[in-house]
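Visitor: I am new to reading protein structures, and I would like to learn how to look at one step by step. Could you take me through an example?

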Amino acid sequence: MIENTLVLIKPDALQRNLTGHVVFRLAQAGLYIVGAKVVQVSDALAHEHYKHLRNKPFFPELIRYIKGELHGKLSSGVLAFVYRGENAVQKVRDVAGATHPEQADPKSLRGAYGRITTKGVMENVIHASSDPAEAQREIGLWFAPEEIVDLEPAVAGNASRSVPRKAKGGL
Ligand code: DAT
Ligand code: MG
């Protein structure tokens with residue numbers, strides 16, 4: 001099934017200039033960008049996004065991390081994407097790897113580039129929606145409907161093409 005899913009390039013990845021690498025890996029997985037923007041994350045957005053974790057001991061640091069407060073001026077925000085494709089939610093999770101960088105496959109983004117800081121913050125490079133229902137909730141939080149383009153025909157009809165028809169500037 002064609003799905004949409006939310007991807008956030010987190011402040012640790014922005015600080016280390018990993019954006020191109022993340023985008024390349026997701027393209028290799030056959031997924032398409034249908035929404036993209038830089039977001040200065042508000043306290044309210046951070047809390048709503050991670051509300052399922054509000055009772056965890058690491059929650060205050062997690063909020064500071066996603067708001068960019070741990071990584072200096074060059075990364076005081078995140079890059080937010082909506083990716084679309086066949087089985088997109090699971091495909092992005094596979095590229096991301098397990099939540100904990102030490103448990104993540106070394107070939108995954110989190111396995112290769114994630115770390116636990118000496119202060120115990122889990123820096124794991126990207127956010128990836130956990131399931132289709134959560135993806136829908138999160139996309140609604142981060143994007144207005146008009147910020148997401150309709151690539152459905154190109155994705156569905158040209159799965160083997162390296163570039164979606166509309167992205168080539170054709171009619
Ligand atoms: P995921 O991001 O893989 O969906 P999650 O939703 O359980 O994982 O947690 C969201 C984020 O919270 C995760 O990316 C990093 C942080 N986190 C999770 N478990 C943690 C822990 N035990 N210690 C510190 N941070 C943690
Ligand atoms: Mg999650």
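Visitor: Which residues surround ligand 1?

Guide: Please keep in mind that this is a predicted model. Ligand 1 is surrounded by L53, F58, L62 and T99, together with M122, N124, H127 and S130. Sorted by class, this shell holds four nonpolar and four polar residues, while charged residues are absent from it.

Visitor: How many helices and strands does the protein have, and in what order do the elements run?

Guide: There are eight helices and six strands. Starting at the N terminus, the order is β-α-α-β-α-α-β-α-α-β-β-β-α-α.

Visitor: Which residues have the most contacts inside the largest nonpolar core?

Guide: As a general idea, nonpolar side chains in soluble globular proteins tend to be buried together. In this protein, 35% of the 171 residues are buried, and the largest nonpolar core has 34 residues, where V7, L8, I9, Y83, V92 and I126 have the most contacts. Strand 3, residues 78-86, supplies the largest share of this core, with six residues. If we leave aside residues up to four places away in sequence, I126 touches, among others, V7, L8, I9, V22 and L109.

Visitor: Which residues of helix 7 are buried, and why do they line one face of the helix?

Guide: An α-helix has 3.6 residues a turn, so residues three or four places apart point the same way. In helix 7, which covers residues 132-142, the buried residues are A135, E138, I139 and W142. Viewed down the axis of helix 7, these buried residues fall within an arc of 105°, and therefore they line one face. The face turned away from that buried side carries the exposed residues A133 and G140. The buried residues of helix 7 pack against several elements, including strand 1 (2-9), strand 2 (32-39) and helix 5 (88-96).

Visitor: Where is N87 found, and what is its phi?

Guide: Most residues other than glycine have a negative phi. N87, however, has a positive phi of about 55° although it is not a glycine, and its place is in the loop between strand 3 and helix 5. With 16 other C-beta atoms within 10 Å, N87 is partly exposed.

Visitor: And is V125 buried or exposed?

Guide: V125 counts as buried, with 27 C-beta neighbours inside 10 Å. V125 also has a positive phi, about 75°, without being a glycine, and V125 sits in the loop between strand 5 (122-123) and strand 6 (126-128).

Notes: Residues are numbered from 1 along each chain as its sequence is written. Chains are lettered from A and ligands numbered from 1 in the order in which they are written. This is a predicted model: local features need pLDDT of at least 70, side-chain atom pairs count only at pLDDT 80 or more; totals for chains, interfaces and linings use all residues. A residue is near a molecule or strand if its C-beta atom, placed from the backbone, lies within 6 Å of it. Ala, Val, Leu, Ile, Met, Phe, Trp, Tyr, Cys and Pro count as nonpolar, Asp, Glu, Lys and Arg as charged, and the others, Gly among them, as polar. Helices (H or I, at least four residues) and strands (E, at least two) are DSSP runs, numbered from the N terminus. A residue is buried if 20 or more other C-beta atoms lie within 10 Å of its own, exposed if 12 or fewer, and partly exposed in between; C-beta atoms are placed from the backbone. A nonpolar core is a set of buried Ala, Val, Leu, Ile, Met, Phe, Trp, Tyr and Cys residues joined through C-beta atoms within 7 Å. Two residues are in contact if their C-beta atoms, placed from the backbone, lie within 7 Å. The arc is that of the directions from the helix axis to the C-beta atoms.
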